[in-house]
Each structure stands twice: as structure tokens, then as C-alpha cells.
Amino acid sequence: MSVRTLPLVLINLGGEMLYILDQRLRAHSTSEDGSGTAAGVWSEHDRKRVMNDVVGTIFSKSFMDELLKPQQLFSHRTMKTVLTRLAHASIMRLNPASMDRVGPQEPDLDRLYDLMVMAFKYQVLVCPRPKDLLLVSYNHLDSIRQLVRDTPVVLNQVDETHRRIIEVYSSLSEGQLQLLRQTLLVFVQDLHIRVSLFLKNHIQNPNGRFVLPTSGPVPHGVQVPGLIRTFDPRSREVSRTKFQSGAGFSGAVREGSFDLSGDRLLRLGSNMYAAEYPQETHTSTKPGVQPEDSPNLLAKEELNQLACLMGSMKTQNLSKAESGFRINLFPADQEEEEEEEEEEEARPAAGPAAG
Amino acid sequence: MYHKEKSIQIKNSASALYNNLSVLRIAPRRLTYFTVVHANVVNMVSSSWDGLNYSHRQLQSKEPNVATSTSLIMQAAFCVLPSRDLLVVTSQKGIQMYESDGSIMVYWHALDTPETPTAQAVFARGICAVSENYICVGVSSGAILVFDVPSKGSNITLSEELEEHKESITDMASETSGSQECIANLVSADDEGNLCVWKSGEEFQLLNKIPGFDMSCTSAKLWKGIVVAGYGSGQIRLFEAVTGILHAEISAHARWIYSLDIAPFSGLLLSAAEDSYVRVWHLALTPETNTVEVAHLHNECVTDTQICGAKFCDGDGYAFAVTGYDLSEIIRYVQS
């Protein structure tokens, strides 16, 4: 399958992670009693610092160089490891108690990851044409720029990466982009975790499957279904017959911009949490992306890939004097955590989603 | 015209791959085999015609005698030759050929994969049986491998490598009408929508090249000398194979077409796409005027599903089966 998926996965999944981090940090920006300086509260300055740190690490030249090498997409377990390390790049710490726990379940990161992956799955699944995956990626890049707009150094890194992405991916044919999309679809296959935001907006069904509309504009370059044209041997049109397509598709709209900036037109990949904070977004309590059954070793190739990626990450040196910020991404109830530990790996059955 | 019948459950969900359903009807045993690809596994179901018995089998894509290496599968398809039926599975690593019940692997062909991955993906895709003894398989480079298959045993050999396409092969099909009059008996399609029409033999002969429209042709069929091609633009085009004359163009779907099939005895055409629709058409060729009439007959919408495979279960088109991405069932429809 495609060997060019990794940069897009990191930009899009990383982008989703940044949106959620940003939302959580804003949600924690006022303490319960409104005092503003209580422990565990984030200032605007802190939030920007975290964003700059994480974005700076993801978009560093060395990390991007490594991602852009042709390689197979790796497993969810490896992806989680990479993203955790990226999040750690800042002096921010995810809930330390769960990070220290040995064993497969890390509730905070697991749920964060589930949320990110389901958002990504939706974007890949419903994007109108394979080429529009690039617009989705560019939407993420545009939003990431907003998050770091006050720091020129980091902003520049994002711009540089964007230019490189345009350079590499603009030359791919539609067929090659579809292969890339098909590879991504294997990666997110069989994930049906219910996300309260998606359920609320009717883009996901209660059984966890996404809603695929059969109406609306057709993608750019596609004709509205409904016409049969026949020709004689001299290529002259002989007849035009309409047929009932049974669907409600309408004419295509114009194409979004594939440049460094511009109106993408497509909304997929933009920050859906921006309109939602300070409201929480929850995933269902059923376990989502599980580590593989054999907990022992990652395949040798994946370990090599992981080593290369980790090596190329420039992370902050943490001085012991820093107290470190703490953030609990998902204020999980004690009951929910216990329930999760008891559950078998299974598809989500009928039942309410959390939140 | 058709109504939905009981679905067949499969062990894994179908992956989003072109032509991701293959059907083999075994009349003497009143059985039908179905294969559906899931990542690195082929799910096989054998279904008895009375609907009472189902048996399942899974095949992994791997090199023989290598325990751990598996790779993603691009396609699995039954190849029907006069003397035998084989199941061919193509992946990133190579081509596997099994007895049609999946019980024994009779042949393995490794693809040339470079030590460090290059920017171009490497895989095999596009499978079909041609005339008496050939099985043709497409490769990501655009090459077509022609295998010579003896009437029994595993002495399958690579007979020829056809290099005409410059883009990855997407699908291939042989003439299904059974007519001896058709000169062309193989069509190959690629990622840029180019079609090549061939005549099989000890050395395959290129009869015609039909240029693409810079839009991937994902599925192609050959029937009574007509090439029927489905594209990423959602369009279906019908060409006269040897001349390339365009007979008809249908704005059939709102998203990428993933599968086409023809019922050779009745001229029914089945198309399925990511837009959740399966459509049934009727083709009628008038040899005197060399024109084709296309009539639209039926639609089925598989809600919230991007369809990736659709095949008739018999030569008349009395029944057809459908698979969709993330769906762990084979949906069946039968004429009312």
C-alpha cells in the first residue's frame, strides 16, 4: 500500500491532538472559585507556551525529514507512543499517575487517542475526493498556525512544513491519493467508538458508524448521476436519457485552495472544538483502540521506525527545578475507570455514550 | 426488481479496495464461494444453495515458510480455467495461487521489492484468467505478468511480462460472452484511466490502447467485444474494444466506482460506488449498427456504507452480492 501516509497522519492526528489540548487548556483557564491563580490553573501565557512547544516539536525539520521518508504506516500502539512523546515535548505532563502505570490501559491517553482517531476516521471517510485529503490536512495546518500565531519561529516551521507537503503531495495522481486514502482506511478500520460531539451533531449513529449523506453537492469534477449518453461510430451523440438515481445529489461547487493559504471551502479538519469550549467532549466508556494481543514486542521493522522517529524529535530538557504543569485531560470518574478495567474487548453494544 | 435476502456474515470487515468481492459458483456441489479481503487476510465463505450451511476459512498473505511476514492484500479473485479453478491473492509482497477452496497454495511469486522503500508503492493488483491456460496479474509498475497454468499440479510458470501501462494496474478482465468471434480477449486498466486491449497467445498481442482522462479506471469488464469501464469520476464508459469507439457514457455515481460486473447471458451490468449505491443496468448490442443501448433498471442504497465489491452470483444476474468498507457481512439481493 502507500508509503507516503505518515506525514499526513501526523499532521492530521497531531492536529486533532492539538485542538483537544487547546480546548482542555482553555477549559482549565478559570478555577472553580474564579480565583485565577489556584494550583492547576492555566494562564493564557502557559497555554501558548505549551502549544508552541508541542507544535515546534512536531514541525521541527528533523522530525518532518524522518516522516517524509517513504515507509509503511505503523500500528496504533506505535502511533500512540509517538504522539505521547510529542505531547511530552512540552513541560506539560499528562496525568502522571496514569502514565506511570505499567500495563496496557492508560485512560487519559487512550481516550484522547480514541477521540483523535475517530475524528480522523471521519475526515478520511467522508472527504469528497481523495485529493481533498490534502485540503483536510491544510485545514489542520491553518488552524495550527492560529494556535502559534504569536511566535514567529514556530509559525515559520509550520509554513516550511506546509510548503514541503505541497511539494510532495501535489504531484500525486488521484489514483495514488486514493491508494493513500485506502491505506489510511485500513488503519482506522473497525473503530466504532462513539463520540458525544459526533452523536450530537448527527454525523455518527448510535452504533458508532458514521452517517454518509446521499445528498448535497457532488465532488468537484464529478457529474450529478442521472444521465446516459449514447454515441454513433462517428462519435456523434445519438441519445440522452435520464434515469432516476434515487439520491439527492446536486451540482459540484468550486474547488478549494491547495495553496499555502486560501479558502479551502471544505470544513473537514478545521477545529470543531473551537465552537464548543468550555464544554467537554467524551468518548464512550467501551474500550476503543486496543493494543495488539501479544503485548511483548513490536515487530522489528516498527521498532526501527520508532527509534528513527524518536531520535529525530527535538524535545525540551526538563530541569528538575520546574514543577511541571499537570493536566487531567479527561476528568474520569472513579467508577468509569473501574468499569473499563472489567470490560472485554468488544464492539460497542447499544447503550449511552459518556457525556 | 430485486429484494434483499439474508446476509452472509464474515469473520472480518471488508477493506476499502477496488473489486473487493469474488464469487465462484460450483453447480455440481450446489455451493457458492465468496472471498472478501480484510487488510492482510482473505475471508472465504462457502455457502450452500439451500442457505443452510456456511463454512469459513481465512487465508493470510505470506511467503511460504516464512512465519511472521505478512503484508496487506490488494485483491483476491477466483480464476476459472477450462481445466481447473484457482484462487489468486495479490499483495504488497507477491502473488499467491491456491486451489479454489483455499486448501492448498500451489504457487508463489515474489515481487521485486527494493531494500529501502522507494517513493513508489510496490504491490500486485488486477487478476484474471484468460483463454485456456493463462492467468494475468497486474503490478504497481504497470507491468502485467502472464502465468502459464497447466491443467493440474503446481508447475505454473511466468510466461511473459507485458509492459505497456506506465501507471499502476487497477483491474483486468477477460471476454465473458463465450463468443469465439471476439478477437480481443483481455482488457487491462490503470490508475490514469488508460485501457489496453489484448489478444492472448504464446505472445500476447496489443490490439488497442484507449487513453484515459487522467482519472483512475478502477474496474473494467469485457463483453461481446465491448469494454465497460468504471472511473473515479463516477462515470461508466462503454467502448468498442478493438477500435476504441465510445459507445456510451453514463454519469452513474456521485463518488468513486469500486466495482463493475456483467452477467454474460443476460447483458445485465452491475455498478457499485463509494456513494452507497449499487445500480443495475441492461446492455444491448446491435451488431448491424454497431451501437449499444443502455437502460437503467434498478438501484439499491446500502445506508451509510461505502461499497467496495459487487458481483453477480450467476451468469444470468438472477442474484448479486455486495460488500462495503467496515461491513462484516456480504449483502445479497435476489430478483423478485
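**A tour of selected salt bridges and one helix**

Begin with A:Glu160 and A:Arg163, which form a salt bridge with their closest N and O atoms 2.5 Å apart. This is a predicted model. Both residues sit in helix α8 of chain A, 3 residues apart, about one turn of the helix. In an α-helix, residues three or four places apart point the same way, because there are 3.6 residues a turn. Color by accessibility: A:Glu160 is partly exposed at 38%. A:Arg163 is also partly exposed, at 38%.

Next, select A:Arg145 and A:Asp159. Their salt bridge has its closest N and O atoms 2.5 Å apart. The pair links distant parts of the chain: A:Arg145 belongs to helix α7 (residues 132–147) and A:Asp159 to helix α8 (residues 152–169), 14 residues apart. A:Arg145 is buried, with a relative accessible area of 13%. A:Asp159 is buried too, at 18%.

Now show both chains. Select A:Arg181 and B:Glu274, whose side chains meet in a salt bridge of 2.6 Å, N to O. A:Arg181 lies in helix α9 (residues 174–187) of chain A, and B:Glu274 in the loop between β24 and β25 of chain B, so the pair joins two chains. A:Arg181 is buried at 1% relative accessibility, and B:Glu274 is buried at 6%.

Then pick A:Arg229, A:Glu237, A:Arg240, B:Arg237 and B:Glu249. Salt bridges with shared partners join them into one network. Over all chains, the structure holds 25 salt bridges.

Finish at helix α2 (residues 44–58) of chain A. Its 15 residues reach 21 Å from first C-alpha to last, close to the 21 Å expected. The helix is mostly covered, with 11 of 15 residues buried. Among them are A:Val50, A:Met51 and A:Ile58.

Notes
Residues numbered from 1 in each chain as written. Chains lettered and ligands numbered in written order. Predicted model: local features only at pLDDT ≥ 70, side-chain atom pairs only at ≥ 80, totals over all residues. Heavy atoms only, no water. Helix = DSSP H or I, 4+ residues; strand = E, 2+ residues; numbered from the N terminus. Expected span 1.5 Å × (residues − 1). Buried < 20%, exposed > 50% of the residue type's maximum accessible area, 1.4 Å probe, protein only. Salt bridge = Lys/Arg side-chain N within 4 Å of Asp/Glu carboxyl O.
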